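Welcome, and thanks for taking a look at this one. Please open the viewer beside the text, and we can walk through a few features together.

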Amino acid sequence: MTLKTDPTALSRRGALGTLAAGAAAASLPMWARYADAQSAAPIRLGFQVHRTGIGAAYGRWYGRTVEAATALINAGGGINGRPVEIVAEDDGTDPKRGAEVIEKFANQHGVDVAFGPLFSHVVIGSAPRAGELKLPYFVVSEGTHVSSGMLNRYTLQPGITDVKSQVISMAPFITRTLGKKVTMIFPDYGFGYDHRDNLVPAIEAQGGTVLEKIAIPPTETSFTKYFPRIPRDTEVLYHVMVGPAVLTFVKELGEFFGGQGPQLFGFIDSLEAVAIDSPGLEFLEGSHFWEGMCRHAQPDQSAHETAYRAAIGVNDRGASLADPRDVSTYGHMFGCWETLHIIKAGMEVAGYTGPQDRAALIEAVEAMEDIPESAAHPQGTKRFNGRTHQVFGHQNISRVEGGRLVRVHRTSIEDTVYPDQVDYTQQPF
Amino acid sequence: MEFGPHLMLATLEGAVTAAVLALTAAGLSLVFGVMRVVNIAHGEFFMLGAVLAWWVTQAVAGPWGFALALVIAPLLVGALAVVADVTILKRLSYDPERTIVATIGLLYILQQLTLMTYGPDARPVVAPFNTRIALPWLERGADGWALIWPWGLGTTTYKLAVIGAAAAVLCALWLFLARTRAGLVMRATQADREMATAFGVPVERVYALTFGLGAALAALAAVLIVPIQQAHYLMGADPLLLSFIVVIIGGLGSLPGTLVAAVLIGLSDGIISVFFSPTLAKILATLLVALVLVFRPQGLFGARGR
């Protein structure tokens with residue numbers, strides 16, 4: 001084949017012209033959008049969700065909660081009159097992918113803020129990247145890594161309380177009503193270390209002792225081999241477990257003790273997304289659980305919580321209305337609901353119009369203090385600490401009675417407060 | 001916990017691990033021995049067995065559902081493996097390197113298909129029977145030796161049944177290989193493929209059935225363990241790693257070696273993780289593999305390379 005000049009072929013000049021026209025056409029929607037950005041363009045929220053991996057059960061319910069909260073916010077006129085659009089990305093409950101998801105949010109999707117992760121290793125893996133990209137990152141993880149000062153000014157936790165405040169408010173109840181010799185079982189990663197590092201001083205402050213600290217990897221599938229390390233003079237077994245095998249964990253705990261053994265005090269994490277009346281869990285009768293929000297509807301449930309349950313589609317036992325076998329992560333997922341409402345409130349105070357207002361949004365959230373109980377905050381009143389970027393709220397202790405989780409104690413916010421360990425407001429943007 | 005009861009519990013836990021591991025690793029060893037194929041997707045066949053068991057027990061409730069799962073899951077997984085052999089491995093002429101890559105691909109396909117259909121959740125399968133048996137211990141009290149029943153020292157009827165079932169299946173497998181014509185043909189193919197072909201052994205059919213049998217053994221092991229563990233799409237990784245460890249220590253392709261190594265690894269995993277930490281158990285197992293590879297590359301029971 002020989003080369004020849006074909007009059008119908010594109011000339012260089014012609015090609016350049018076409019390219020220029022194409023570029024102009026491609027950019028057209030861009031400036032067309034900017035022209036009326038304040039009224040019509042949606043606010044895009046990047047939802048980092050544990051859709052797969054060991055956090056999948058949480059991811060499913062965090063997803064449903066976010067969907068319901070977004071529908072409610074949009075029905076009420078959105079944020080600053082603009083509709084809210086959720087851009088969800090699966091992080092596989094993996095810190096490395098978590099950081100990639102943050103990059104994707106910032107560079108590819110161009111979201112306004114990111115939010116939503118629960119697992120602390122994902123948060124710790126992603127937050128530095130969010131800080132570098134100057135992307136506000138609202139986590140729903142309970143980890144004390146926000147208030148400990150480990151993260152950065154762009155990372156906030158306004159929708160859920162942290163482990164340290166939970167633990168210090170539980171310790172007096174444990175030593176007073178259950179016993180003073182405590183053995184703890186916790187997951188072997190960041191979140192579990194928050195329990196370990198905070199429970200020991202909290203129990204000792206109450207005159208008790210922690211006899212043994214047993215760490216179990218969250219990917220573990222069989223647990224009996226860890227239990228012989230529980231000392232025989234243990235009065236209270238404090239357990240908190242996460243991961244896909246929590247049901248096995250609790251079941252094997254029951255088989256291990258066989259109706260004898262110490263008092264049990266668990267964090268509901270050990271049973272999130274698991275029906276409390278599952279076969280093999282009968283031994284939990286009479287044991288106590290921490291709950292962020294009470295899975296089983298209590299007699300004095302507020303109208304806000306009733307509406308919240310209906311909006312997400314969960315029944316009085318915290319299971320899906322569509323499939324009662326599908327039990328929710330009720331003790332945690334309110335955090336997504338409340339976080340979205342904090343983002344809305346913050347954006348409205350800051351007069352948020354686009355990414356250039358991200359710093360103003362963070363300052364607006366930092367300025368929040370008392371958050372009253374409302375439809376936006378069905379879990380209860382809260383107090384936000386702008387310096388540590390951490391919210392404080394009421395904690396619940398429930399007892400299993402006749403297969404139901406019955407609340408026996410609700411702490412005050414003061415019970416959960418501890419001195420500041422960081423002042424993020426001193427960090428530059 | 002005192003040393004005695006502690007050791008007894010650790011041994012029991014280790015025996016359950018060893019039983020399931022022996023079944024899974026026997027499948028892997030069989031496939032390698034006869035076909036010289038390193039099946040990286042073996043763990044996914046294990047996982048599929050557990051997932052199918054969940055599906056069957058959802059469809060048919062009660063102990064009969066579980067009994068049905070014990071039959072259906074290995075059959076279906078075995079059939080799938082036969083199809084995979086005929087459509088993939090055969091086309092690669094069982095080339096060792098290329099089959100490794102192909103089975104890695106198969107691993108991801110099976111895992112992701114399970115994720116897309118079954119979902120990311122761990123789902124429990126109810127054991128057909130499960131009663132806790134408290135075990136007694138002798139203790140010298142004020143008035144001589146007495147039987148005590150310390151908390152924590154116990155096992156369940158189902159765990160004992162798993163050990164028994166695995167032993168029975170392994171016996172049956174040995175009888176099949178040693179006493180039947182099909183077993184003879186498989187052993188002949190393992191010993192020398194070309195000679196077997198020359199003697200009229202349908203080698204390709206033997207390969208397909210061996211691959212199916214190996215996968216079915218993994219699936220059966222998974223059905224047995226799933227009432228203890230729950231079915232999850234990522235559950236194949238650990239059995240795969242442990243099976244490789246067992247097969248390398250025992251000698252690739254040697255069934256008795258696999259058995260001994262499975263018991264060794266299973267029990268040491270149970271005992272070391274109870275007394276020290278599960279991580280140490282994994283470290284020691286991996287170290288043992290390294291030592292075996294350095295000092296006895298053919299494995300404890302393996303024959304010297306031909």
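How many of the 7 residues of strand β6 of chain A are buried? The model is predicted, and in it 6 of those 7 residues, which span 181–187, are buried, so β6(A) is largely enclosed by the rest of the structure.

**Around strand β6 of chain A**

- On one side of the story is strand β7 (residues 209–216) of chain A, which pairs with β6(A) in the parallel sense over 7 bridges.
- Within that pairing, Lys181(A) has Thr209(A) of β7(A) as its bridge partner.

**An open sheet in chain A**

- Five strands of chain A form an open sheet with parallel pairing, in the order β2-β1-β3-β4-β5.
- At the edges stand β2 (84–90) and β5 (155–156) of chain A; each has a single partner strand, so one side of each is left without a neighbour in the sheet.
- Helix α3 (residues 95–109) of chain A packs on this sheet and touches β1 (43–49), β2 and β3 of chain A.
- The direction of α3(A) makes about 165° with that of β1(A).
- Strands β3 (residues 113–115) and β4 (residues 137–138) of chain A run parallel and are joined by 2 bridges.
- In this pair, Phe115(A) stands opposite Phe138(A) of β4(A).

**Helix α5 of chain B**

- Helix α5 (residues 157–179) of chain B has 23 residues and reaches 32 Å from its first C-alpha to its last, close to the 33 Å expected at 1.5 Å a residue.
- Lys159(B), Val162(B), Ala166(B) and Leu173(B) are buried in α5(B).
- The cover over the buried residues of α5(B) includes α1, β4 and α8 of chain B.

**Where the chains meet**

- Chain B brings 26 residues to the contact, and chain A brings 22 residues.
- On the chain B side, at least two residues each come from α1 (3–35), β1 (132–134), β4 (154–156), α8 (203–229) and α10 (255–275).
- α1(B) gives the largest share of that side, with 4 residues.
- By residue type, the side of chain B that touches chain A divides into 14 nonpolar, 9 polar and 3 charged residues.

Key: Residues are numbered from 1 along each chain as its sequence is written. Chains are lettered from A and ligands numbered from 1 in the order in which they are written. This is a predicted model: local features need pLDDT of at least 70, side-chain atom pairs count only at pLDDT 80 or more; totals for chains, interfaces and linings use all residues. Two residues are in contact if their C-beta atoms, placed from the backbone, lie within 7 Å. Ala, Val, Leu, Ile, Met, Phe, Trp, Tyr, Cys and Pro count as nonpolar, Asp, Glu, Lys and Arg as charged, and the others, Gly among them, as polar. The expected span of a helix is 1.5 Å times one less than its number of residues. A residue is buried if 20 or more other C-beta atoms lie within 10 Å of its own, exposed if 12 or fewer, and partly exposed in between; C-beta atoms are placed from the backbone. Two strands pair if DSSP finds at least two bridges between them. Axes are lines fitted to C-alpha atoms, for helices over the stretch in contact, and angles run from 0 to 180 degrees between N-to-C directions.
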